[in-house]
Amino acid sequence: MLNIAVCVSGGGTNLQAIIDAIDAGKITNAKISAVISNNRDAYALTRAKNHGIESCCVSPKDFASRDKFNAALLEKLNYYHPDLIVLAGFLVVLPESLVNAYQGKIINIHPSLIPSFCGKGYYGLKVHEAALSRGVKVTGATVHFVDEGTDSGPIILQKAVCIEPDDTPEILQRRVMEQAEWVILPQAIDLIANNKVSIVDGRTVIAQ
Ligand code: GRF
């Protein structure tokens, strides 16, 4: 049984998609043992409580330095012994110590088709603003492993989403979540939980 820790910062709709997929049997061999937020007010924490999942907040505001916050975050994650850490809208740059401690065991959902509109500064609505201002006709979402770079780890799954003529960043963000993020994040977790994902030469191989 894959033991998952989910890290969140906001509304937690991706967390909800994971919870629902486990309940519906679309993700097998996995359970969420903890939800960790950097933001005390994240609605994602309420979603966790509503489902009887342990949750907690590790906020940088409660620590004298970034190093102390980083150490506390790592310590909290270690406490749960996760096999997989899922970053589901987690707006924290992970410290190198955490990435190193969990090599190949951290995944992230990014709301574009990497390598477009990703990397430093591309988060939240900014991603969709950039896609609309470039005038691309197709965008989407990507689930990838986390390495020491920003959005640079091996890609696990991607799903394309069409851009419509009257899209605003908010409308597009919602469509990308509904049509792509909430679909491929649970799919990727199910694949990992059933040992179907391996990394070969920096790229993922998905077993059929
Ligand atoms: C999603 O668009 C995710 O891709 C991005 O932040 C948003 C989080 O939404 N990184 P939610 O908290 O899962 O509702």
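Biologist: What are the ground rules here?

Modeller: Residues are numbered from 1 along each chain as its sequence is written, and side-chain values use heavy atoms, with hydrogens and water left out. The model is predicted: local features need pLDDT of at least 70, side-chain atom pairs count only at pLDDT 80 or more, and totals for chains, interfaces and linings use all residues.

Biologist: Which way do the residues of strand 1 point, and are they buried or exposed?

Modeller: In a regular strand the side chains alternate between the two faces of the sheet. Here, Leu-2, Ile-4, Val-6 and Val-8 point one way from strand 1. Asn-3, Ala-5 and Cys-7 point the other way. All are buried, meaning under 20% relative accessible area with a 1.4 Å probe, protein chains only; exposed is over 50%, and partly exposed lies in between. Strands (E, at least two residues) and helices (H or I, at least four) are DSSP runs, numbered from the N terminus.

Biologist: Which strands pair with strand 1?

Modeller: Two strands pair if DSSP finds at least two bridges between them. Strand 2, residues 30–37, pairs with strand 1 in the parallel sense over 7 bridges. There, Ala-30 is the bridge partner of Leu-2. The chain gets from strand 1 to strand 2 through helix 1 (residues 13–23), and this β-α-β crossover is right-handed: with the strands pointing away from the viewer, the path from the first strand over the helix to the second runs clockwise. Strand 4, residues 84–87, also runs parallel to strand 1, joined by 4 bridges. Its Leu-84 is the bridge partner of Ile-4.

Biologist: Why does Ser-33 count as buried?

Modeller: Ser-33 lies in strand 2. Its relative accessibility is 16%, so Ser-33 counts as buried. Leaving aside neighbours within four places in sequence, Ser-33 is in contact (heavy atoms within 4.5 Å) with Asn-3, Ile-4, Ile-53, Glu-54 and Tyr-80.
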